[in-house]
Amino acid sequence: MATDPEIFTLAVQVGLVIASGLTLLAGYRVIKGPTVPDRVVALDTIGTNVVAIAALYALQTGEGLFVTVSLVLAIIGFISTIAVSQYVIEGDIVK
């Protein structure tokens with residue numbers, strides 16, 4: 001039977017593979033569309049997956065810097081999603 005550290009390492013590695021694969025699938029949706037809102041949602045998904053990858057990598061390596069990186073990426077992703085959705089809805093970001 002696997003010990004706890006081995007299970008944790010395996011879970012983190014599986015999470016990294018799944019998040020990376022989903023990022024590639026979302027990249028396909030960004031390219032193919034078919035509509036602009038689909039592309040916006042796919043870009044937001046990519047941003048979320050990159051945050052997850054950075055956090056999982058921080059868990060795997062024990063480097064706290066990657067947690068900070070993931071938080072900054074999450075904030076930037078949130079702000080950019082709001083800006084793009086505002087542009088799609090109204091055609092202008094700032095009124």
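Biologist: Which helix do the buried residues of α1 pack against?

Modeller: The buried residues of α1 pack against α2. This is a predicted model, in which local features need pLDDT of at least 70 and side-chain atom pairs count only at pLDDT 80 or more, while totals for chains, interfaces and linings use all residues. Residues are numbered from 1 along each chain as its sequence is written, and side-chain values use heavy atoms, with hydrogens and water left out.

Biologist: Which residues of α1 are buried?

Modeller: They are Val12, Leu16, Ala19, Thr23, Ala26 and Gly27. Buried means under 20% relative accessible area, exposed means over 50%, and partly exposed is in between (1.4 Å probe, protein chains only). Helices are DSSP runs of H or I with at least four residues, numbered from the N terminus.

Biologist: What does α1 span, end to end?

Modeller: With 29 residues, α1 reaches 42 Å from its first C-alpha to its last, close to the 42 Å expected at 1.5 Å a residue. The expected span is 1.5 Å times one less than the number of residues.

Biologist: And what about α2?

Modeller: The 26 residues of α2 should span 38 Å at 1.5 Å a residue, and its end C-alpha atoms are 37 Å apart, which agrees.

Biologist: What does Thr23 contact, leaving aside its neighbours within four places in sequence?

Modeller: Thr23 is then in contact with Ile46, Asn49 and Ile53, where contact means heavy atoms within 4.5 Å.

Biologist: Where does Ile53 sit, and what does it touch beyond four places in sequence?

Modeller: Ile53 is in helix α2, residues 36-61. Not counting residues up to four places away in sequence, Ile53 touches Leu16, Ala19, Ser20 and Thr23. At 23% relative accessibility, Ile53 counts as partly exposed.

Biologist: Changing topic, how many aromatic pairs are there?

Modeller: The count is 1 aromatic pair. The rings of Tyr57 and Phe66 have their centres 4.8 Å apart and their planes at 90°, so the pair is edge-to-face. By the rule, rings of Phe, Tyr and Trp (its six-membered ring) pair if their centres lie within 6.5 Å; planes under 30 degrees apart count as stacked, over 60 as edge-to-face and the rest as tilted.

Biologist: Are those two residues buried or partly exposed?

Modeller: Tyr57 counts as partly exposed at 37% relative accessibility, and Phe66 counts as partly exposed at 27%.

Biologist: Which helices do the buried residues of α2 pack against?

Modeller: The buried residues of α2 pack against α1 and α3. Among them are Val40, Ile46 and Asn49.

Biologist: What span does α3 have?

Modeller: Helix α3, residues 65-90, should span 38 Å, and its end C-alpha atoms are 38 Å apart, which agrees. Gly91 follows α3, with a positive phi near 85°.

Note on methods:
Helices (H or I, at least four residues) and strands (E, at least two) are DSSP runs, numbered from the N terminus.
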